[in-house]
Amino acid sequence: MTDHLWMHFTRMSAYQDAEVPTIVRGDGPYIWDAQGRRYLDGLAGLFVVQVGHGRVELAEAASKQAAELAFFPVWSYAHPTAVELADRLAELAPGDLNKVFFTTGGGEAVESAWKLAKQYFKLTGRPTKHKVISRAIAYHGTPHGALSLTGLPELKAPYEPLVPSAFRVPNTNFYRAPEHGDDLEAFGRWAADRIAEAIEFEGPETVAAVFLEPVQNAGGCFPPPPGYFERVREICDEHDVLLVSDEVICAFGRLGGYFGSGVYGYQPDIITCAKGLTSGYAPAGAMIASDRLFEPFARGTAMFAHGYTWGGHPVSSAVALANLEIFEREKLNEHVANNSPAFRATLEKLLDLPIVGDVRGDGFFFGIELVKDKATRETFDEAESERLLRGFLSKALFEAGLYCRADDRGDPVIQLSPPLICEQPHFDEMEQILRRVLTEAWTRI
Ligand SMILES: Cc1ncc(COP(=O)(O)O)c(C=O)c1O
């Protein structure tokens with residue numbers, strides 16, 4: 001029992017009389033708890049530890065930077081590591097996304113993007129463009145703005161009233177497509193057109209931006225259907241609405257490229273990123289904006305009146321640079337792209353279990369949807385979800401040696417997003433543990 005640590009997104013009562021799992025060490029794709037038990041880290045911490053645990057060179061990069069210059073803000077001053085990291089990210093980001101605004105995490109990056117969108121339109125003579133659109137069940141973070149963009153009503157309810165002017169459209173859950181369930185491309189067009197409809201309904205002169213993840217995480221990995229982002233880009237151009245690619249999970253190798261938008265070949269106006277930027281060896285996030293969005297801030301007295309003390313932290317920036325060096329040296333993006341089909345095929349073996357309805361995702365990022373009836377795709381009711389997911393699965397998977405996530409923010413799914421260094425033996429280990437535990441789960445329904 002921890003008396004003082006208030007854990008995030010945690011029912012604290014669950015630990016009144018139970019031990020909190022305490023992780024003390026990591027090495028490669030494995031972590032160890034305080035009792036010395038080993039687990040495969042099937043979630044890279046929290047979609048973070050791309051290069052794996054225990055990388056001494058990242059610890060050394062942090063130590064060297066802290067000894068030289070531990071802290072200086074990027075408020076009207078600069079320091080070399082922030083400058084170099086901004087250069088590097090501008091080089092890696094698609095097209096003219098050349099201006100890097102550092103944050104300390106993903107929610108702050110999303111928050112920054114919405115604020116930039118609003119101010120950009122005010123500075124360029126379209127002051128009524130302020131509304132934002134995002135997708136059902138999508139998670140965009142916890143600050144008030146980012147939470148307003150989040151499409152999970154139960155996460156928002158305790159904090160209402162939130163920021164007005166955020167509207168939801170359908171996501172790209174093809175497994176539960178309300179229309180065109182037999183034609184992926186037609187479904188993608190339909191889903192993209194819902195964005196056009198929302199913009200037209202609200203009035204294009206009031207809409208500033210659309211926030212979309214390359215692959216939507218919450219709900220269990222919804223990849224974009226072919227043509228989806230192409231159509232979204234067209235819609236945004238037609239209505240002068242900014243396309244924000246929220247890549248807090250989908251950047252830095254998760255989908256086999258530095259940025260998910262690059263992997264899928266679409267050009268956003270803003271990218272928000274965090275997590276894998278440092279592989280978690282220090283906290284960092286960024287909003288990367290296009291030259292066009294920066295342009296009004298390059299003149300006269302204009303200023304983006306926004307910032308964070310820790311944004312562009314020297315230690316985090318040094319760690320990020322060293323992390324990106326590992327990506328290059330070990331060709332991690334190529335490794336993910338080359339091994340993703342084998343990872344998928346290994347997980348798809350689970351489709352012979354009656355409880356596994358769907359396996360979906362891309363790169364090293366997959367969701368396994370659990371169902372009560374495979375033929376009808378019937379899902380679990382609230383009591384069953386409570387018993388199965390919260391009461392049994394997460395704990396049983398962990399006890400069997402796999403740290404991953406059983407999530408029911410949409411329909412119940414198990415999410416897998418391991419370090420990018422994983423190989424076939426790790427895919428097999430995940431499959432075998434999942435097979436054992438899901439077989440047991442089925443007997444408990
Ligand atoms: C798509 C997306 N956006 C934003 C966030 C919020 O990031 P953070 O927890 O770093 O604030 C997350 C976190 O998981 C995310 O997945």
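Biologist: Lys275 first. Buried, exposed or partly exposed?
Modeller: Partly exposed, because its relative accessibility is 21% and buried means under 20%. Keep in mind that this is a predicted model.

Biologist: Where does Lys275 sit in the chain?
Modeller: In a loop. That loop runs between β9 (270-273) and β10 (285-290).

Biologist: What about the phi of Lys275?
Modeller: The phi of Lys275 is positive, near 25 degrees. And Lys275 is not a glycine.

Biologist: Which ligand atom does the Lys275 side chain reach?
Modeller: An oxygen atom. A polar side-chain atom of Lys275 lies 3.1 Å from that oxygen.

Biologist: Which other residues are around the ligand?
Modeller: Besides Lys275, there are Gly105, Gly106, Gly107, Tyr139, His140, Gly141, Glu213, Asp246, Val248 and Ile249.

Biologist: Take Gly106. How far is its backbone from a ligand oxygen?
Modeller: 2.7 Å, from a backbone N or O atom of Gly106.

Biologist: Is Phe252 buried or exposed?
Modeller: Buried. Its relative accessible area is 1%.

Biologist: On to β5. How many of its residues are buried?
Modeller: Five of five. The strand covers residues 131-135.

Biologist: Which way do the β5 side chains point?
Modeller: Lys131, Ile133 and Arg135 go one way, and Val132 and Ser134 go the other.

Biologist: What does β5 pair with, β7 for instance?
Modeller: β5 pairs with β7 (residues 207-212), parallel, over three bridges. It also runs parallel to β6, joined by four bridges.

Biologist: What holds paired strands together in general?
Modeller: Backbone hydrogen bonds.

Biologist: Which residues partner Ile133?
Modeller: Val210 in β7, and Phe167 in β6.

Biologist: Now the sheet with β13. What is the strand order?
Modeller: β1-β2-β3-β13. This sheet is open, has four strands and shows mixed pairing.

Biologist: Why do β1 and β13 each have a side without a neighbour?
Modeller: They stand at the edges. β1 (23-27) and β13 (402-403) each have a single partner strand, so one side of each is left without a neighbour in the sheet.

Biologist: How do β3 and β13 run?
Modeller: Parallel. Two bridges join β13 to β3, residues 38-41. Leu40 stands opposite Leu402 there.

Biologist: Last topic, cavities. How many are 30 Å³ or more?
Modeller: One. The largest cavity holds about 50 Å³ of space.

Biologist: Which elements give two or more residues to its lining?
Modeller: β4 (97-103) and α11 (314-329). The lining residues include Phe102, Thr103, Trp310, His313, Ser316 and Ser317.

Key: Residues are numbered from 1 along each chain as its sequence is written. This is a predicted model: local features need pLDDT of at least 70, side-chain atom pairs count only at pLDDT 80 or more; totals for chains, interfaces and linings use all residues. Side-chain values use heavy atoms; hydrogens and water are left out. Buried means under 20% relative accessible area, exposed over 50%, partly exposed in between (1.4 Å probe, protein chains only). Two strands pair if DSSP finds at least two bridges between them. On a 1 Å grid over the protein atoms alone, a cavity is a set of points where a 1.4 Å probe fits but cannot get out, and a pocket is an open set with protein on both sides within 12 Å along at least five of seven lines; lining residues have an atom within 4 Å of a point. Grid points are joined across faces, edges and corners, and a volume is the space filled by probe spheres set on the points. A residue is near a molecule or strand if one of its heavy atoms lies within 4 Å of it. A polar contact is a pair of N or O atoms within 3.5 Å; within protein, one must be able to donate a hydrogen and the other to accept it, and residues adjacent in sequence count only if both atoms are side-chain atoms.
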